[in-house]
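The following note sets out numbered remarks for a colleague who will examine the structure alongside the text.

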Amino acid sequence: MKLSVVIAAYNERENVVPLTERLVRTLDGLGADWELLYVVEGTDGTREVLDAIAGGNRRVKVLYREKPAGLGAAFRRGFAAVRADADFVVTMDADLNHQPEEIPALLAAREAAGADIVVGSRFVHGSSVSGIPLWKEALSASMNATMRVLWGLKTRDKTSGFRVYRTEALRSLSFRNDNFAFLPEMLIDANHRGFSIVEAPIRFTVRVHGVSKMHIARTSRSYLSLLRSRWDGWSLFALVALLGGIGLRVAYTYPVHRYLADADSLLTGMRAFYILHGHTPVFYSGVRIGALESYLHAAVFSLFGASRATITVVPFASSVLALVAFFFLARRLVGRQSACFSLVFFGFPSASYLLWTYMPNGYPETVLLGLTALWAAAECREHPDSTLLPAAFGLAAGLAFWNSIQTLACILPGALLVWQSRRGRTRAAKTYGLVAASFLVGASPWIAYNLLIPLGTFHSNFAARPASGATDVVSNLQRLALVRIPELLVTGDAETGEPPRGGWRAAGAAVTWGLAAAALVLSSRRIPEALRRGRTTARGIAPLFFTALLATAFFVLSAAGSAPGPTARYVLFVFPFLACCLGLLFARISLRSRPVAAAAVCCAAAFNVSTYHFLPTSPRRETMRQAAQADATFVSFLEQHGVRVVVGDYWTAYPVNFLSAERVAGIPTQPEFDYYDYSRRVPAGPQKWAVVAWWPYERDRLAQRTGARGRSLEPAPGIYVFLPEDPMALSDILDRVRRIP
């Protein structure tokens, strides 16, 4: 065996003598034909010490340059000087962080695996690490995670310099970074070229002599340079689509405004007050949607106070994270190119999908958790030896199930992926146990509720009850195919609260199902090599297909499909599948003509944008922004006049509980809509009260029922108030306004 050892030494005078002595003993013990190449920089006397050693041992060679050019540049010179007939090249640090005595173990690991590269790893079983500064650990961990996500590099220790290269593989690699980041750059290039990389445990110790050359600012710049150097057109495409999707959600969320379903949307904030008072609710909406978002609101409110601005934080963050989760899931299932096109459709979705996933109503978290669970399961298939990924899947699935039973559409296909990844493996039972334990932790609130109230969520949740009969099933199926699915992809009528009508309905159904079918047919045929590498196949999209199938089955077979009002929210998990179908279609078109594919996807995104009626520039949005200002003025008016109770329609009165931070109780005239029993929290006895409505005739009608004397006012535009002269007990007020005339 012919072996070359390359070491870069910059001002390492105290370390090179013991390092060389240990290396010579180790290499001689191998019985190999070896050479030791030192690439020396600096003026501290390292060169002179090594020249003296080289004078007595012709196998030791010194390459010298006075001015340091960077670690990557030094190794580039060293690799160029490696003997032409070398079988393997070993690299290591000159500061005694790496132990020369471990070279035989690295060579043995290479021989056992038949690998092209062996990395002496600090992060695998059997390794030990001591004395690394915290900032180095944090930087290394963050860069390792970033490179795993961006380039799918499975190697855990991507920044270790203790390696063995097969010389033929090394000579085909290239790197542009002249500093520390050349180390992961080489692995990225090796992974791209299909070379096999294995890791072997090492003992990493802190230097005793000299000063580390790795400084946080220079090293960070080096890694940023790596990210730029490895940035290609598809990465830029994905970044633009992601930033565009985030920008759209910013525009939909800010400036703050009254939501289309304002009273319903503010319920999560009211539930957060309940949590801040020390209670632990499981659900925020009946027993159907979990209170997870409310717990997150409570954390935000405790730091920044409760307001329309702070209640937007959690759903906005969840919708952005859902974008990221969708992209990585799509990239894993259908390949990077298809995922980039899919991200455009997911980032600029239909008006209906965007409406339901930007409000604080629990649906942003439902989508995020469902996609995250499915992503973790897909990663389990790619990394069958990981224990962290099954635990992540179980936890995400448990939280998702607690948040909404709808997420079974993602959980069940995800569980199938995990089972496939572990089937036949020796430790499969342990993995399944880990998944189950993590799921139980995430779903523990839901489980505890159903133990305290036996199967309470199934008795009281209409979404968990089956359809009442075959007639309802047929009706649900018809509504799904002709209205709800087209609405999710094509039409924007959900923003008006009305189903698509006439031509929109027929066109939406035809376009939706036509594009989805074309995408599946094209993706299931013989796939060109350019897409096959990304596993762009019908099998790749199968998990999302089953997710969509389960979501539609839930809609058709349960009472949810027959629920009154807009029900597109019950089939939200169909949208990721439709977005990926379109991504597959446009990726296939891009193989023929990228300009045509780019133009087509831009037109599709522009069409969706044209259906948005809630952008800041739209008259409807301006009206809702002014309405939010009017709400703030109205609440201020109530507090200035000492009003403690307002009575009115649910949509008018109930938001007062949140907007006043419960300083004023808003009681709906419909008792069934007093979800959080605010009427029971009002102290007994006379209270200063008011009647509120959005229309003057409604205010006058309610005021007349009370029989009280007072003033009729409009304290804010569009908000009409009756302010009585005398206090009255809430029970008396409600008896009068709720009576049938």
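1. Arginine 193 counts as partly exposed, with a relative accessibility of 43%. The model is a predicted one. Arginine 193 forms a salt bridge with aspartate 189, and the closest N and O atoms of the pair are 2.9 Å apart. Both arginine 193 and aspartate 189 belong to helix H7 (residues 182-193), where four residues, about one turn of the helix, separate them. Aspartate 189 has a relative accessible area of 4% and is therefore buried, since burial means under 20%.

2. The protein has 741 residues, and 53% of them count as buried. Its exposed surface comes to about 31,200 Å², of which carbon and sulfur atoms supply 60%. Among the contacts with a separation of 6 or more, 75% are between residues 24 or more positions apart.

3. An open sheet of seven strands deserves attention; its strand order is E3-E2-E1-E4-E7-E5-E8, and the pairing is mixed. At the edges are strand E3 (60-65) and strand E8 (197-201), each of which pairs on one side only. From one strand to the next, the twist averages 20°.

4. Within this sheet, strand E1 (residues 2-10) and strand E4 (residues 88-93) run parallel and are joined by six bridges. Leucine 3 stands opposite phenylalanine 88, a residue of E4. Two helices lie across strands here. Helix H1 (residues 13-30) lies across E1, strand E2 (33-41) and E4, and runs at about 160° to E2. Helix H2 (residues 46-56) lies across E1, E2 and E3, and its direction is at about 155° to E3.

5. The structure holds 21 salt bridges. One of them is formed by lysine 2 and aspartate 85, whose closest N and O atoms are 2.9 Å apart. This pair links distant parts of the chain: lysine 2 is in strand E1, while aspartate 85 is in the loop between helix H3 (71-80) and E4, 83 residues apart. Lysine 2 counts as partly exposed because its relative accessibility is 29%, and aspartate 85 counts as partly exposed because its value is 35%.

6. A further salt bridge is made by arginine 332 and glutamate 379, with the closest N and O atoms 3.1 Å apart. This pair, too, links distant parts of the chain: arginine 332 belongs to helix H13 (residues 313-334) and glutamate 379 to helix H16 (residues 363-382), 47 residues apart. Arginine 332 counts as buried because its relative accessibility of 19% falls under the 20% limit. Glutamate 379 is also buried, with a relative accessible area of 12%. Elsewhere, salt bridges that share partners join Lys2, Asp33, Arg83 and Asp85 into one network.

7. Which residues does aspartate 262 touch, leaving aside those up to four places away in sequence? They are Arg308, Asp631, Trp651 and Pro655. Aspartate 262 lies in helix H10 (residues 262-265). With a relative accessible area of 4%, aspartate 262 is buried.

8. Proline 445 lies in helix H20 (residues 444-452). Proline 445 touches Val282 and Trp402, residues up to four places away in sequence not being counted. The C-alpha atoms of proline 445 and proline 281 are separated by 8.6 Å, although the two residues are 164 residues apart along the chain.

9. A last remark concerns the surface. Leu236, Leu239, Val240 and Leu243 make a nonpolar surface patch of about 350 Å². One of these residues, leucine 243, is placed in helix H9 (residues 233-253).

Notes
Residues are numbered from 1 along each chain as its sequence is written. This is a predicted model: local features need pLDDT of at least 70, side-chain atom pairs count only at pLDDT 80 or more; totals for chains, interfaces and linings use all residues. Side-chain values use heavy atoms; hydrogens and water are left out. Patches are made of residues with over 30% relative accessible area and no salt bridge: like charges are joined within 9 Å, nonpolar side chains (Val, Leu, Ile, Met, Phe, Trp, Tyr) within 5 Å. Accessible areas come from the Shrake-Rupley method with a 1.4 Å probe; for residues, only the protein chains shown count as cover. A salt bridge is a side-chain nitrogen of Lys or Arg within 4 Å of a carboxyl oxygen of Asp or Glu. Buried means under 20% relative accessible area, exposed over 50%, partly exposed in between (1.4 Å probe, protein chains only). Contact means heavy atoms within 4.5 Å. Two strands pair if DSSP finds at least two bridges between them. Axes are lines fitted to C-alpha atoms, for helices over the stretch in contact, and angles run from 0 to 180 degrees between N-to-C directions.
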